Structure formats: structure tokens, C-alpha cells
Amino acid sequence: MRVMEMTLQRLGLENYRPLLKGLVMPIGILALVAMMVLPLPVFLLDTFFVSNILVSLLVLMVAINIQRPLDFSSFPSLVLIATVLRLGLNVASTRIVLSEGHTGPDAAGKVIEAFGNFVISGNYAVGLFVFLILIIINLVVVTRGAGRVSEVSARFTLDAMPGKQMAIDADLNAGVLTNEEAKIRREEIAEEADFYGAMDGASKFVKGDAIASILILVINIVGGLIIGLIAA
């Protein structure tokens with residue numbers, strides 16, 4: 001945030017900061033819609049794939065190194081943004097695969113080609129089974145497990161809220177806490193409930209993204225075969 005303020009000051013745009021902050025979300029939505037509707041150049045698709053991977057790694061490293069969940073309270077929002085970006089990339093890559101896939105294995109970009117070569121490893125049968133195993137792990141173990149953890153955490157956090165509020169009131173009446181300290185603790189409890197509730201919703205969104213990715217994969221395979229037969 002400090003870096004952004006300094007940059008705006010150097011550019012003489014400090015007075016336009018509220019306007020620029022308000023334009024970030026609409027511009028992002030328009031960019032995602034354009035990514036889904038308009039054909040993307042291959043180099044842009046590679047750039048977006050690499051950026052998505054880097055953002056995912058950055059979020060993972062930050063999530064591992066934080067002390068409390070509230071220290072990374074923007075995590076649910078970042079998960080939603082990354083998921084929507086990945087869906088847009090899936091649609092854009094599907095368009096290129098179905099329209100330009102006949103030109104060669106690098107038609108959809110170097111990132112998709114490199115991942116395909118890594119998974120297949122020269123044997124399509126082995127690569128297919130390994131890819132199916134990865135899909136099962138992602139859908140059944142990771143996505144379902146994360147959704148269950150988020151659901152249970154949100155439920156227990158909401159169930160514990162009345163007891164925490166009563167404990168704060170008791171400490172306030174006993175003189176252990178001041179009014180300001182009690183107010184801060186109540187705000188922390190509310191933020192914690194909002195965080196776990198948002199995580200529960202984000203986990204369901206991620207589960208839908210995993211299912212959509214499998215359907216997009218099936219569409220790529222079936223659509224590619226149909227287009228290949230028609231073109232032949």
C-alpha cells in the first residue's frame with residue numbers, strides 16, 4: 001500500500017487514488033470477460049499461466065508463515081480471485097486448443113506443452129493414468145478435505161462466539177479489561193467469524209472450480225476428436 005501511494009505521488013495522481021481504487025474491480029471483471037470471449041495470443045496465455053502459478057506460490061508461502069489466520073484475512077478473497085482467473089484461463093486455453101490444436105503440440109502455448117510433456121513422459125497410457133490419479137487426488141482428497149475443514153472451522157467458530165462474548169463481558173464487569181480492550185476483543189471475534197465464514201464459502205467455490213475443470217477437460221478431448229474427424 002505504501003509503495004502504491006509513493007508511486008501515485010511521483011506520477012502526480014495522488015488526488016485520483018480513490019477513483020483508481022474504485023476502477024480496479026470493474027477493470028478486472030472486464031478483463032476476465034474479455035479473456036473468456038476474445039481469442040488470446042499464445043504469449044499472453046503463457047504469461048497469464050505463469051502469473052497464476054507465481055501468485056499461487058506466493059499465497060501458499062504467506063499462508064504457511066503467518067502466525068494467526070487473521071494475519072492473512074484477505075486469503076478468501078485472493079482464493080476467489082485466483083479461482084476466477086483460472087476459470088478464465090481454462091476457457092481461453094480451450095478455445096485455442098480446439099481451434100489451433102491441429103497445428104502442433106505448442107499451439108496452446110509453451111506452458112501447456114511443458115506440463116503435457118512432463119505428465120506424459122513419452123508414454124500416453126502412463127500419462128493418462130497419472131493424470132487421472134492427479135484429478136482424483138485434487139477432487140476427492142484436497143478439495144473435499146479443505147471444504148470439510150473450512151465448514152467445521154466456521155461452525156465451531158460461530159458456536160463459540162456467544163461464550164467468548166460472555167467471557168469478555170465478565171472480564172469487563174470484573175475490571176480485568178477496559179472498555180477499549182473489550183471493544184478490540186469484540187472486533188477480533190467478529191473478524192474471526194467473518195474470516196471462517198468467508199473461507200467456508202470460498203472452499204465451495206473452489207470445489208465447483210475443480211468440477212468445472214474436469215468437465216472442461218472432457219470437452220477438450222471430445223471436442224478435439226469431433227473437430228478432427230470433421231476436418232479429416
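Is Asp 169 buried, partly exposed or exposed? Asp 169 is partly exposed, with a relative accessible area of 32%. Here buried means under 20% relative accessible area, exposed means over 50%, and partly exposed lies in between (1.4 Å probe, protein chains only).

The model is predicted: local features need pLDDT of at least 70, side-chain atom pairs count only at pLDDT 80 or more, and totals for chains, interfaces and linings use all residues. Residues are numbered from 1 along each chain as its sequence is written, and side-chain values use heavy atoms, with hydrogens and water left out.

The chain holds 7 helices and 0 strands. Helices (H or I, at least four residues) and strands (E, at least two) are DSSP runs, numbered from the N terminus. Along the sequence the pattern reads α-α-α-α-α-α-α. Of the 232 residues, 21% count as buried. Among contacts (heavy atoms within 4.5 Å) with a separation of 6 or more, 71% join residues 24 or more positions apart.

Helix α4 spans residues 75-100. Its 26 residues reach 36 Å from first C-alpha to last, close to the 38 Å expected at 1.5 Å a residue. That expected span is 1.5 Å times one less than the number of residues. Buried positions in α4 include Pro 76, Gly 88, Leu 89, Ala 92 and Ile 96. Thr 94, also in α4, counts as buried because its relative accessibility is 11%. Beyond its neighbours within four places in sequence, Thr 94 contacts Ile 216 and Asn 220.

The largest nonpolar core has 9 residues: Leu 32, Met 35, Leu 40, Leu 45, Phe 49, Leu 89, Ala 92, Ile 96 and Ala 108. Helices α2 (17-37), α3 (42-65) and α4 each give two or more residues to this core. The largest share, 3 residues, comes from α4. A nonpolar core is a set of buried Ala, Val, Leu, Ile, Met, Phe, Trp, Tyr and Cys residues joined through side-chain atoms within 4.5 Å. Leaving aside neighbours within four places, Leu 45 contacts Leu 40, Leu 89, Ala 92, Ser 93, Ile 96 and Ala 108. Apart from this core lies another, of 5 residues, among them Ala 154, Phe 195, Tyr 196 and Met 199.

Three salt bridges are present, and each is described in turn. A salt bridge is a side-chain nitrogen of Lys or Arg within 4 Å of a carboxyl oxygen of Asp or Glu. Asp 209 pairs with Arg 86, the closest N and O atoms being 2.6 Å apart. Asp 209 lies in α7 and Arg 86 in α4, so the pair ties together parts 123 residues apart in sequence. Asp 209 is buried at 4% relative accessibility, whereas Arg 86 is partly exposed at 27%. Lys 164 forms a salt bridge with Glu 192, with closest N and O atoms 3.4 Å apart. This pair links Lys 164 in α6 to Glu 192 in α7, 28 residues apart. Arg 186 and Asp 169 meet in a salt bridge at 2.6 Å, N to O. Arg 186 lies in α7 and Asp 169 in α6, so parts 17 residues apart in sequence are tied together.
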